[in-house]
Amino acid sequence: MNSSGAYFNKQFSHIYVEKKAMDHDETKKILARLPHSEVILIDHYKDIFNRNKQRYNEQKRSRALILAVNGGELVYKGAPVCQSFGNPGFYYTATAMNCPFDCDYCFLKGMYGTANIVCFVNFEDYAAAVAKLDNPYICASYDTDIIGLNSITGQADKWIDFAGSHPDILIELRTKFSPARLTALPNLIYAFTLSPDEICRRFERGTPPLKARLAAVKNAVESGCVVRLCFDPMIYVSGWEGYYGELVGQVADTVGFEGIRDVSVGTFRISSQYLKTMRKQEPDSEVCWYPFDTVNGYAVYPEDIDNKMQSFMCGRLSGYIGSDKIWKWN
Amino acid sequence: MIYIFTAVYCEAKPLIERFALSPDGDYPFAGFVSEDGNIRLVITGVGKTYSAAAVSYAHAKFGITKDDFAVNIGTCAGGSNTGGAYIINKVTDEDSGRSYYPDMLYKTGLREHCVTTVSDVVSEEKAALDPDMLWEMEASGFSDVARLLMPPDRVQLIKVVSDNGAEGIEAISEALLERVIRECIDDISTAVDLYLSIPADGEEQAQEDGTEDLFCCSETMRQDLNKLLVYCRNSGRDVPGIISSMRGEGLIPAADRKSGKAALNEFKRRILQ
């Protein structure tokens, strides 16, 4: 055998189902979408997800799906390294944990230490928890790519339906994927993460290329959706100015900025603890092994580089979109 | 490298023959090893306590690494719906109720099944209660220890059904156990060959011999330098070129820690330019 693919089972060849999730309607729907998978009953999702000594780089070739009922905390206050876009009631929620893609820089690798994906099937409990909040801004796709997983979990559709029935709740679905379903609602933000082709190719394995993402953005704008563009995280590489400058030009040429609600700009930053784990998972990663500065427990680019990158990007963007629509992370 | 753990010699015998293993040493658990040293087999004795002890002992004695495989191969009782060899995807200890889940990443070609570890030989009546279950006596002990020492994708179990519940241990003959393993030896061998062919996970460090001496490094500086060199390797930076020009400028080798620190900062600055 000379191809590593020959050793491994297919993605989601195994589905671990909590006993208490087994009879849930969502579980049945998900299992029906993956009829050839081996189903293994478990007591608790952490019995699989939180095992010691798991290896991301092996598991990512044959990710398991874990279906569970989340009986713990369902909604969290937004983290300081995430952007609130001026919304005071900034929260995030995770109906799924972990991502089908394999980006070098993804904080989830540092947070979870496994490539397996958990999907919580009790969406109704999440919806109830979010509905209780006062005028919230909810990011529903921080700990996963909910649109990228939608063909299996259906969870993006659920959030879209929820947004339709709760016009006072602002919801962001962030993705690198092309949504199959676009619903134009004033309180539903489709947030597309855009990276230069060079960055996609080198550091964002398994994600759609820039061209596909731009097509998805265009489609969303033309469908009347509220669209946010996230130039975040910007990754420092040799020649970054050329790559990111070209990216802004490509957006202007293919989509334009007229139909864009706002944009975010941020350089790569991560909890120092997560970075330690990521370096173990990603021994060959240029992004993870950059000699970062540590500031208040976060690994960040040196201040001069950070300022230069964000200023450059904001400068380029301000040629196309008002400064009041450009959000920097710091 | 693969470490095979079987409970008794009659289960091991077909494996010893197939992989041409030779007796190895006189440690408490009888052992065998292949000529190239890539396969070791340990006979643990019957029951989960012995199985756990054997894994622990082998780990300490042979220095099993995270890239090695530990595979428990043995016989089991099976309900009436079972037969042949299985790769195990869930191990439940009947006494404690605890379960262990190996990662099921690899295409072994074997059918999958869960198994329950019991403390006594399973009777025909008990086996009849759950015609889809496998029953045996070592898997949970093996798993309990192996999961502490190795990644879950490297802890695997293969069980071959020998009977459908028996009236006492005397009904299970050595000849029976040897025969059922022998009947499945091709399937088992395919899985073992697959484990042997999986490449080891890449090692991460890019220490360049002698570089730290150029900067008169303290331990902290040495760690910083090592991380910096990994970044240089991963990003394709021209370390020899930078070192050479800094040598030419007389910045390195540093005479003392203080000038070494300044030189290291300069080295970093040039790398990030």
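This is a predicted model: local features need pLDDT of at least 70, side-chain atom pairs count only at pLDDT 80 or more; totals for chains, interfaces and linings use all residues.
Me: What makes chain A as compact as a globular protein of its length?
Reply: Take its secondary structure to begin with: twelve helices and 18 strands. The globule rule gives 20 Å for 330 residues, and the radius of gyration of chain A is 20 Å, so chain A is as compact as a globular protein of that length. Along the principal axes, its C-alpha trace spans about 55 × 50 × 40 Å.

Me: How much of chain A counts as buried, and what share of its contacts comes from residues 24 or more positions apart?
Reply: Of its 330 residues, 50% count as buried. Among contacts with a separation of 6 or more, 75% come from residues 24 or more positions apart.

Me: Why is Ser162(B) called buried?
Reply: The cut-off is 20 or more other C-beta atoms within 10 Å. Ser162(B) has 22, so it is buried. This serine sits in strand β10 (residues 155-163) of chain B. Setting aside neighbours within four places in sequence, Ser162(B) contacts Thr75(B), Cys76(B), Ala77(B), Ile172(B), Leu176(B), Leu177(B) and Val180(B).

Me: How do you know which strands are the edges of the eight-strand sheet in chain A?
Reply: The order is β4-β5-β9-β10-β11-β13-β14-β18 in an open sheet with mixed pairing. β4 (75-77) and β18 (326-328) of chain A each pair on one side only, and they are the edge strands. From one strand to the next, the twist averages 25°.

Me: What makes β5 (residues 90-93) and β9 (residues 137-139) of chain A a pair?
Reply: Two strands pair if there are at least two bridges between them. These two have three bridges, in the parallel sense, so they count as paired. Phe90(A), for instance, has Tyr137(A) as its bridge partner in β9(A).

Me: Which helix packs on that sheet, and what does it touch?
Reply: Helix α12 (residues 303-317) of chain A does, touching β13 (226-234), β14 (262-267) and β18 of chain A. The direction of α12 makes about 160° with that of β14(A).

Me: How many residues bring chains A and B into contact, and which element of chain B gives the most?
Reply: On the chain B side there are 28 residues, in contact with 27 of chain A. β6 (85-93), α6 (185-197) and α8 (219-235) of chain B each give two or more residues to that side. α8(B) gives the most, with six residues. By type, the chain B side divides into twelve nonpolar, six polar and ten charged residues.

Key. Residues are numbered from 1 along each chain as its sequence is written. Chains are lettered from A and ligands numbered from 1 in the order in which they are written. Helices (H or I, at least four residues) and strands (E, at least two) are DSSP runs, numbered from the N terminus. The radius of gyration is taken over C-alpha atoms; the globule rule is 2.2 Å times the number of residues to the power 0.38. A residue is buried if 20 or more other C-beta atoms lie within 10 Å of its own, exposed if 12 or fewer, and partly exposed in between; C-beta atoms are placed from the backbone. Two residues are in contact if their C-beta atoms, placed from the backbone, lie within 7 Å. Ala, Val, Leu, Ile, Met, Phe, Trp, Tyr, Cys and Pro count as nonpolar, Asp, Glu, Lys and Arg as charged, and the others, Gly among them, as polar. Axes are lines fitted to C-alpha atoms, for helices over the stretch in contact, and angles run from 0 to 180 degrees between N-to-C directions.
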